Amino acid sequence: MKRLRNVVVDITVHTGLPFWVLDAIFSTPHISSVEFGPSLCLPAECDGSIPKHLRLTGPVASLTSFRRPVRTDTQYSQTPEEAKLLLCLFKRIHHTIEVVEMPIETAPFGAFRRRDWPCLRELVLRGGPRRSLRAYLLENLTRMPNLRVLKLELAHSSESGPQRICPPGWTGGCPWPKLEVLTVSNPHPDEELFAHLPDSLQELTIRCFPRRYAVAYSWAREIKIMHEYGWGLTLPTSDELLRLLRRCGTSLVCLRHLDIEFAASSEDIGLMRHIATAFPTLAFLQIFRYRTDGCTQDVAFWAALGEALTPLTTLRLLRVHFDLRRTENLDETGIYYEGLEGITPQHEEAVTALSCALSPTVQFVCVMVIRAVSFEWIPYRIVRDPTSREAFRIECADKEYECIDGYRYVICLFSPYA
C-alpha cells in the first residue's frame, strides 16, 4: 500500500483499535492524513498490546492532518490512554502538522505548550470543559504563529460556568497574527481575548456550544449528551455581547462574516447599531436571538432592528432566528415538547418589517424554522423598485443557492453542529 495517503477509521464509542494497530498506522511513512470517529483506542483493560509506559515504537509518519470530529449529539471516548497516545504522537509531528481537529478532553496540551508548531494553520477543539485549569487556554496555544483558523467550540461545566480563554491583564498581544477565522463558545462576560484580535480576522463566531436552539426541543439528542457529560450552557445577553464586541475596537477592518447568539435584552438595537458601525465590511451576518420574559417581538421591533443595520452597505446575506415558537408548547424546564412549526404568518411579517430598511446590496434574508426533527434556513428574496431600489415586498426563494460573494452557504441542509 505504498500509495496510501489517507486513513479514515470510524468506530463507535466504548470500542476502538488496539495499540499495535494504531502504532502501525502512525508509523507508516507515506500517510499524511488520518481521521477518527467517536472512539480511538481500546480501553486499557481490553488491550493486551498497550505497553505499561506508552510510546510509539518506530519512526512516525509526517502527518499534515489529524481530524477527530465531535458531534454534540453523539457520545465520544475520552480515556486516559487516548490522551497519553496523542501526547506521544503530537510531540513527534509538531514540525509537519497543518490541520488538527479533536476533542479538548484528550488534547495534547503538554505538547502544544512545549513545542513549536510552524506549519499549523487550523486548530479545532470541541467538547469540554477542560480537565485541568492550571493554565488559561491561550497560554497553551502561544507557539502557533501561522494559525489561520481557530475554533474553540467548548461547553463549560454545569457547576463552574464559562471559563476565560485569556488571562486577566494579558499584555502579550495576539499570538496568532495571521488569524482569519475565530470561533468562541460560551464566552466569559469579561473575556479579554477580543481586545487582542488581529486586523487579519475575516470571520468571527460567538456562539453557544451546543447551539441553544438545538437543545430547546424535547426530541433533541443533545440534551442527553449534556446531562451525561455535565455540560452547562450560558447564553450571553445582547448587553453582554455588546460589551465583548466593544473590546474589539475598530481594528477588524477585514471582518466579512459575523455569527452571534444571544438572549434578548434592552440592548438588542444598540448591539445591531454597534455591529453596523464597527464592522462596515460585513457581507454575511447570522443572528440567533432568543426571546426572554418581557422582550419585544412585534413588527415595530423588527423594523427598528433592520434600520439599525442600514449602514451595512456591503451586506449580501442576513440570517435571523426570530424565536417565534409558540409559548403554549413550553414546559416548566424551558424545553419545547412539540417539534413541528414551519413558516407562520408571524415569520413573514417579521421578515418583511426587517427587510424594508436593509441596504440594497442584501440579496437574501433567511429564517430558521423547525421541520419535524430538523432545522432549516428558508430564504426570502427582497424585491426592490428598479428605480428607487426601495424594498416593496419579499418572496420565498424556492431554489437553493450555493455561493454569494465568494462564500458557500447551503440553505436546505442545515446542521445544528455548525
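**Cavities and aromatic pairs**

The largest cavity holds about 170 Å³ of space, a cavity being a set of points, on a 1 Å grid over the protein atoms alone, where a 1.4 Å probe fits but cannot get out. Of the 16 residues lining the largest cavity, those closest to its centre are Leu 154, Ala 155, Gln 163, Ile 165 and Ser 185, where lining residues have an atom within 4 Å of a point. Strand 6 (149-154) and strand 8 (181-185) are the elements that give two or more residues to this lining, strands being DSSP runs of E with at least two residues and helices runs of H or I with at least four.

This is a predicted model, in which local features need pLDDT of at least 70 and side-chain atom pairs count only at pLDDT 80 or more, while totals for chains, interfaces and linings use all residues. Residues are numbered from 1 along each chain as its sequence is written, and side-chain values use heavy atoms, with hydrogens and water left out.

Turning to the rings, the whole structure contains 14 aromatic pairs, counted where the ring centres of Phe, Tyr or Trp (its six-membered ring) lie within 6.5 Å, with planes under 30 degrees apart called stacked, over 60 edge-to-face and the rest tilted. Tyr 229 and Trp 231 form a tilted pair, because their planes stand at 45°, with the centres 5.6 Å apart. The rings of Trp 302 and Phe 322 are edge-to-face, since their planes meet at 90°, and their centres are 4.6 Å apart. This pair links distant parts of the chain, with Trp 302 in helix 7 (residues 299-308) and Phe 322 in the loop between strand 13 (317-321) and helix 8 (345-355).

Methods. 1 Å grid on protein atoms, 1.4 Å probe; cavity = no way out; pocket = protein on both sides within 12 Å on 5 of 7 lines; lining within 4 Å. Points joined across faces, edges and corners; volume = space filled by probe spheres on them.
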